[in-house]
Amino acid sequence: MLAPDQLRYTPTHEWAQLETAADGTPLVTVGITAYALEALTDLVYIDLPEPGREVKAGQPFGEVESVKAVSELYSPVDGQIVESNTAIANNLEQLSKDPYHSGWLVKIKPSAPGQLDQLLDYAAYKKLCEANPLH
């Protein structure tokens, strides 16, 4: 499981981690935070993009639906989707159980990996959540 303090965060409750693919290509793995999942409660549907789709930082790439609401999922970086976690679409419980490991949503080949530096670190994300509770 990824440690939350090793990740970067968006104000819209997505987490991001820069990794390196086997071929040396930078990849950004993206998921939704446990905090957001707790607020959404019972998930019923998730819509993830097909590989090859171009995404822009701050723009929606998919959505997650719960019994309470439909929430858009926002890309933390510009780039191209290289993989979507299709297994999670058929097993939404896993997303809630393990959002920082097997519950990842997409992998993006970033066009500007430095964009991650503009995201919130864990301390800033915690402060944001305390100041703006979702519940």
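Analyst: A salt bridge here is a side-chain nitrogen of Lys or Arg within 4 Å of a carboxyl oxygen of Asp or Glu. This is a predicted model, where local features need pLDDT of at least 70, side-chain atom pairs count only at pLDDT 80 or more, and totals for chains, interfaces and linings use all residues. Residues are numbered from 1 along each chain as its sequence is written, and side-chain values use heavy atoms, with hydrogens and water left out.

The search of the whole structure finds two salt bridges. One of them joins Lys107 to Glu19, with 3.7 Å between the closest N and O atoms. Lys107 lies in strand β9 (residues 106-110) and Glu19 in strand β2 (residues 14-20), so the pair ties together parts that are 88 residues apart in sequence. Strands (E, at least two residues) and helices (H or I, at least four) are DSSP runs, numbered from the N terminus. Lys107 is buried, at 15% relative accessibility, while Glu19 is partly exposed, at 28%. Buried means under 20% relative accessible area, exposed over 50%, and partly exposed in between, with a 1.4 Å probe and protein chains only.

The other salt bridge pairs Glu93 with Lys97, whose closest N and O atoms are 3.9 Å apart. Both belong to helix α3 (residues 92-97), and because they are four residues apart, about one helical turn separates them. Glu93 is exposed, with 57% relative accessibility, and Lys97 is exposed too, with a relative accessible area of 61%.
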